[in-house]
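Trainee: Please put the structure up, and then we can go through some packing questions.

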Amino acid sequence: MGLFRKRISSSDSATTSASENYSALAELTLNAITDGVLLIDEIGIIKYANPAAALMLGYDTPGDVLGLAFQMVLRLETSDGVPVPPNQNEIVQAIALGKSFTTRDYILISAQSERHAAISLTVTPTNGIHSDKIITFRDITKQLEEEHEQSEFISTASHEMRTPVASIEGYLGLALNPQTATIDARAHQYLEAAHKASQHLGRLFKDLLDVTQLDDGRSKARLVPVDIVAVVKEMASGHEREMEAKRLKYSFGAAPAVTGVKQINPIVYAAVDLDFLREILDNLIENAIKYTPEGGEVWVNARGDGDKVVINVTDTGIGVSPDDAVHIFQKFYRVDNSQTRQIGGTGLGLYIVKQRAEAMGGRVWVESAFGDGSTFFVSLPRLTDSEYEQQLLAYQNNQLAQAQPAAPMPESVQPAAPLTPEAAAQQEANHFPSINLNNSNNL
Ligand code: ADP
């Protein structure tokens, strides 16, 4: 619009021609692009709109929106269909604070046609807190559909492939078990390598499945109030056998075993999604085991810290350099050095940990010295004793309300009498896919 020409007229004659060319080019570009661009002043009045912005907002020409407050023309709702209040949303806040901001969380409703379009929107301040701001927005409806299809495909494929991989892992486990198979030492070596590779593949499929569900917004936290110290202790203890196998010294509690100081953890409460918490601990503890050489130590603890609960998984392993520490929570990021190259991994574990912690209102970070061990911290909102009791009561009432009146069980599915250990072992050998193959791999 006239914005560019006004600027030219105030330029001196020596630079007019160059400025004119530049401004004409800028205007041509803004007229041609399919992203909407708005320029607003410090009180949110639209000073400039390109044709794409007018079209997406539902107006005939850019001139129709000039002089209007941007909140009035940018009608938004959430992806759940809830209208976004025009004066109370993250965009308005970012503009008021003069901060850059990007979101993909909103649907833009066109003024005339009521057409709904998922958008990616960015706010960019031009200079200082009281200056003009640029709002750009792009229709990403098609992109989201494609991303959804892609994640559906990965999710289905990973899900389908986990079953045969679990089967291979199960058979290899049986072949390696002296109680179920007899093999010579060389075959044992080969099968051990195959077993490890199948476990790695199983883990990769599980991680891929989790990541696609995360990216698709399909996993939502279901929070349950718990005594967090007891829960973390119980979940972490599931890895004791793996640690023993690698001759790692394991300790849980207020102080690591090395100090020799025995302290009692006070009871601390938090509201957590138990599946998410298990995933976090599994990933952090499995990493501690993976990246700590034999004979090292792993220490896990959970404690209250003000209004937070802080969980730590500490190891005496290879550590993470400061350069890598800023990236390791990104999807598919793996540290590439002579030590990590020999250790298998997907680069997805810590990404999942971060997403899961954030979904429960928490955060995750690492403190580490390269070559000298690492501590991964997860902090979660803490519940006071009375909040815990209230939430527990509400949770129990909710469970009761949801419970269906139990129909009598047909005789064919009545619980069977407990098996003798021998019969259980035989049943495992016959039906390995139903065996809980390995808690840590959770296939
Ligand atoms: P991976 O499957 O590669 O272990 P993660 O996302 O779990 O993927 O971890 C990302 C990277 O962070 C790893 O490749 C590794 O280099 C580093 N890392 C994670 N945990 C530890 C640890 N406890 N000690 C040293 N490095 C670690």
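Trainee: Which residues in H10 do Ile228, Val231, Val232, Glu234, Met235 and Ala236 in H8 meet?
Mentor: This is a predicted model, in which local features need pLDDT of at least 70, side-chain atom pairs count only at pLDDT 80 or more, and totals for chains, interfaces and linings use all residues. Residues are numbered from 1 along each chain as its sequence is written, and side-chain values use heavy atoms, with hydrogens and water left out. Contact means heavy atoms within 4.5 Å. On the H10 side, the residues met are Leu274, Leu277, Arg278, Leu281 and Ile285.

Trainee: How many residues of the contact of H8 with H10 are nonpolar?
Mentor: Ala, Val, Leu, Ile, Met, Phe, Trp, Tyr, Cys and Pro count as nonpolar, Asp, Glu, Lys and Arg as charged, and the others, Gly among them, as polar. The contact of H8 with H10 has 2 charged residues and no polar ones, and its nonpolar residues number 9.

Trainee: Are H8 and H10 oblique or parallel to each other?
Mentor: The axes of H8 (residues 228-237) and H10 (residues 274-290) come within 10 Å and cross at roughly 50 degrees. Angles under 35 degrees count as roughly parallel, over 145 as roughly antiparallel, 65 to 115 as roughly perpendicular and the rest as oblique. The two helices, H8 and H10, are therefore oblique.

Trainee: Is Phe70 buried or exposed?
Mentor: Phe70 lies in helix H4 (residues 70-73), and touches Ile40, Gly44 and Ile46, among others. Buried means under 20% relative accessible area, exposed over 50%, and partly exposed in between (1.4 Å probe, protein chains only). Because its relative accessibility is 4%, Phe70 counts as buried.

Technical notes:
Axes fitted to C-alpha atoms, helices over the stretch in contact; angles between N-to-C directions. Helix = DSSP H or I, 4+ residues; strand = E, 2+ residues; numbered from the N terminus. Lists of a residue's contacts leave out its neighbours within four places in sequence.
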